[in-house]
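Please read it alongside the sequence and the model.

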Amino acid sequence: MNDQASNKHGLGFQKIEAAGGVVSYGSSTLQPLLIMFRRGLWDLPKGKVDPGETIKAAAIREVVEETGITPPRIRESIGKTLHHYELEGKNIQKTTYWYWMETMSMDVGTPQLEEGITELKWVSLEEAKQMVGFDNLRLVLHAYGQKKWGDEFITP
């Protein structure tokens with residue numbers, strides 16, 4: 001089977017694992033959430049898991065790198081999302097693990113400009129749902145708001 005045919009049938013994807021967080025100020029799910037403006041869209045902090053790194057460690061590292069905040073504390077697992085995209089001619093299958101993270105300071109550092117992040121903002125859950133630029137992020141925020149903790153795939 002050639003590459004095009006195998007990709008058509010869901011095979012031949014390069015698999016990537018990523019991790020990120022829904023970061024709240026304080027320990028209530030009703031507190032403000034930190035979102036970021038990246039490449040023209042509002043987004044949640046996340047990034048690839050490095051070789052040998054745990055998923056939780058990657059989630060914390062990525063949040064700190066992208067937002068400049070003090071390392072947050074993981075409160076709960078929200079679940080994971082799966083999406084496919086093409087990058088430089090390669091078909092990518094990306095699984096992202098999401099955590100509710102808590103910080104006790106509303107200070108933000110410097111957005112990670114080299115990742116295309118230009119603005120950081122604290123908003124309510126409802127504002128975040130309206131502002132984020134991807135449907136899968138709305139699913140993550142909905143699960144967070146419903147306190148649907150767990151490690152399963154987040155579905156509508």
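A polar contact is a pair of N or O atoms within 3.5 Å, of which, within protein, one must be able to donate a hydrogen and the other to accept it. The side chains of glutamate 66 and arginine 38 are joined by such a contact, at 3.0 Å. The model is predicted.

**Glutamate 66**
- Glutamate 66 belongs to helix H2.
- Buried means under 20% relative accessible area, and glutamate 66 is therefore classed as buried because its value is 1%.
- Besides the 3.0 Å contact with the side chain of arginine 38, a polar atom of the glutamate 66 side chain lies 3.1 Å from the backbone nitrogen of lysine 46.
- With neighbours within four places in sequence left aside, the contacts of glutamate 66 include Met36, Pro45, Thr110, Pro111 and Gln112. Ile117 and Leu120 are also among them.

**Largest pocket**
- The largest pocket holds about 580 Å³ of space.
- Its lining has 19 residues, and those closest to the pocket centre are Arg38, Arg39, Lys46, Lys94 and Glu115.
- Two or more lining residues come from each of strand S3 (41-43), strand S4 (46-48), helix H2 (55-67), strand S5 (73-87) and helix H4 (135-145).
- The lining of the largest pocket divides by class into 10 charged, five nonpolar and four polar residues.

**Second largest pocket**
- The volume of the second largest pocket is about 180 Å³.
- Among the residues lining the second largest pocket are Ile78, Gly79, Leu139, His142, Ala143, Lys148 and Trp149.
- S5 and H4 each give at least two residues to this lining, and H4 has the largest share, with three residues.
- By class, the lining of the second largest pocket has seven nonpolar, three polar and two charged residues.

**Nonpolar cores**
- The largest nonpolar core has 18 residues, of which Val22, Leu33, Leu44, Ile78, Val140, Leu141 and Tyr144 touch the most other members.
- Strand S2 (33-38), strand S6 (90-103), helix H3 (125-131) and H4 each give two or more residues to this core.
- H4 supplies the largest share of the core, five residues.
- Leucine 141 is in contact with Val22, Leu33, Leu44, Leu125, Ala128, Lys129 and Val132, neighbours within four places in sequence being left aside.
- Another core, of 16 residues, lies apart from the largest one and includes Val63, Tyr99, Met101 and Trp122.

**Alanine 19**
- Alanine 19 is placed in strand S1 (residues 14-25) and counts as buried, at 0% relative accessibility.
- Residues up to four places away in sequence not counted, alanine 19 touches Lys46, Gly47, Val49, Ile55, Ala58, Ala59, Glu62, Thr96 and Tyr97.
- Between alanine 19 and valine 132 there are 17 Å in space, C-alpha to C-alpha, and the two are 113 residues apart in sequence.

**Glycine 79**
- Glycine 79 is in strand S5 and is one of the residues lining the second largest pocket.
- Its relative accessibility is 2%, so glycine 79 counts as buried.
- Contacts of glycine 79, leaving aside neighbours within four places in sequence, are with Thr96, Tyr97, Trp98, Gly150, Asp151, Glu152 and Ile154.
- The C-alpha atoms of glycine 79 and aspartate 107 are separated by 27 Å, with the residues 28 apart along the chain.

Terms used: Residues are numbered from 1 along each chain as its sequence is written. This is a predicted model: local features need pLDDT of at least 70, side-chain atom pairs count only at pLDDT 80 or more; totals for chains, interfaces and linings use all residues. Side-chain values use heavy atoms; hydrogens and water are left out. On a 1 Å grid over the protein atoms alone, a cavity is a set of points where a 1.4 Å probe fits but cannot get out, and a pocket is an open set with protein on both sides within 12 Å along at least five of seven lines; lining residues have an atom within 4 Å of a point. Grid points are joined across faces, edges and corners, and a volume is the space filled by probe spheres set on the points. Helices (H or I, at least four residues) and strands (E, at least two) are DSSP runs, numbered from the N terminus. Ala, Val, Leu, Ile, Met, Phe, Trp, Tyr, Cys and Pro count as nonpolar, Asp, Glu, Lys and Arg as charged, and the others, Gly among them, as polar. A nonpolar core is a set of buried Ala, Val, Leu, Ile, Met, Phe, Trp, Tyr and Cys residues joined through side-chain atoms within 4.5 Å. Buried means under 20% relative accessible area, exposed over 50%, partly exposed in between (1.4 Å probe, protein chains only). Contact means heavy atoms within 4.5 Å.
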